[in-house]
Every structure is written in C-alpha cells, then in structure tokens.
Amino acid sequence: MQLLEIGVDALDAAAVRPFWKAVLGYADAPGADGPSDPLVDPAGRGPAVRFQRMERPRPQRNRLHLDVTVPHDEAQRRVGAALAAGGRLVSAARAPAWWVLADPEGNEVCVSTWQGRDG
C-alpha cells in the first residue's frame, strides 16, 4: 500500500494555502481549516497537500512545480480563482494550452487543457 502527499515548503502557509486550494479545486480536510492544515481532493482521487513551515528562504532550490490538467471549459474559472486567492500570472503565452501561475512565494503551477496544443 502506498500513500502520496504533496508537501509545499512555505515561509507563510496562510498566504500560499488559499492559492493552492483554488488552483487545485481542493477543499479543507474535515475539521481542519486552519492556515497550515492540509487540503484534500473533494473527489478523493488526488493526493492531499500539506504545508511545511520554512524558517528562511531557499533561493537556490525550486520547491515545487505542478501541472494541473482540467477540462477546457473549467480552465478560465480555475485561473481566475487562483489569481483572486493571491496568485500571480507568470505567463499566458501558450493559453489555452496552459497558463503558468505562481503562489505568493513563487512556487509555480501550470493550468493546462487539451486545447491549443501542437499535434
């Protein structure tokens, strides 16, 4: 048996957690909605996401990059929700194939669809 969780190293978990909740379409774990509590896939398919406090920045280390593929008609809503939750648009140059977003600490995620991809 195997259990997979995604750990996000964060200086300020309360600042990055809302972004990851929005961009992943995740929810608070039952009874756990604090600023450092894990997030879970409401459909029960994806891994939990937890937040680990860092004492100081690690500028030489890429802490995290995920690709989230969603239905094409969901992508704009997901990008908008992530930006409203404190995220930043890094690039939309390849949209609607993908958008690159970053959380408040610079961890990146691509919101991807099947549209606009080269054969």
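1. Leaving aside neighbours within four places in sequence, T113 is in contact with V70, P71, H72, A75, P96, A97 and W99, where contact means heavy atoms within 4.5 Å. T113 lies in the segment after β8 (108-112). With a relative accessibility of 1%, T113 counts as buried; buried means under 20% relative accessible area, exposed over 50%, and partly exposed in between (1.4 Å probe, protein chains only).

2. On the basis of the model: this is a predicted model, in which local features need pLDDT of at least 70 and side-chain atom pairs count only at pLDDT 80 or more, while totals for chains, interfaces and linings use all residues. Residues are numbered from 1 along each chain as its sequence is written, and side-chain values use heavy atoms, with hydrogens and water left out.

3. The backbone nitrogen of Q115 lies 3.1 Å from a polar atom of the T113 side chain. A polar contact here is a pair of N or O atoms within 3.5 Å; within protein, one must be able to donate a hydrogen and the other to accept it, and residues adjacent in sequence count only if both atoms are side-chain atoms.

4. The sheet comes next. An open sheet of 4 strands has the order β5-β8-β7-β6, and its pairing is mixed. The edge strands are β5 (65-69) and β6 (88-91), each of which pairs on one side only. From one strand to the next, the twist averages 30°. Helices (H or I, at least four residues) and strands (E, at least two) are DSSP runs, numbered from the N terminus; two strands pair if DSSP finds at least two bridges between them. Strands of a sheet pair through backbone hydrogen bonds, either parallel or antiparallel.

5. Two of the pairings can be followed residue by residue. Strand β7 (residues 98-102) is joined to β8 by 5 bridges, and the two run antiparallel. V100 has C110 in β8 as its bridge partner. Between β6 and β7 there are 3 bridges, again with an antiparallel run. The bridge partner of R88 in β7 is A102. β6 and β7 form a hairpin, with 6 residues between them.

6. Helix α1 lies across β5, β7 and β8 and runs at about 20° to β8. Helix α2 packs on the sheet, where it touches β5, β6, β7 and β8, and its direction makes about 15° with that of β7. Axes are lines fitted to C-alpha atoms, for helices over the stretch in contact, and angles run from 0 to 180 degrees between N-to-C directions.

7. How do the helices pack on each other, and at what angle? The angle between α1 and α2 is about 175°, with their axes 8 Å apart. That makes α1 roughly antiparallel to α2; angles under 35 degrees count as roughly parallel, over 145 as roughly antiparallel, 65 to 115 as roughly perpendicular and the rest as oblique. F19, A22, V23 and L24 of α1 make the contact with R78, A81 and A82 of α2.

8. R78 also takes part in a salt bridge with E74, with the closest N and O atoms 3.2 Å apart. A salt bridge is a side-chain nitrogen of Lys or Arg within 4 Å of a carboxyl oxygen of Asp or Glu, and by this rule the count comes to 5. Both R78 and E74 lie in helix α2 (residues 72-84), 4 residues apart, about one turn of the helix. R78 and E74 are both buried.

9. R17, K21 and D28 are linked in a network of salt bridges. In the pair R17 and D28, the closest N and O atoms are 2.7 Å apart. R17 lies in helix α1 (residues 13-24) and D28 in strand β2 (residues 27-28), so this pair ties together parts that are 11 residues apart in sequence. K21 meets D28 at 3.2 Å, N to O. R17 is buried at 6% relative accessibility, whereas K21 is partly exposed at 29% and D28 is partly exposed at 27%.

10. D28 is also among the residues touched by V40, which include Y26, A27, A29 and A48, not counting residues up to four places away in sequence. V40 is found in strand β3 (residues 39-40) and is partly exposed, with a relative accessible area of 25%. V40 and P30 are 10 residues apart in sequence and 9.0 Å apart in space, C-alpha to C-alpha.
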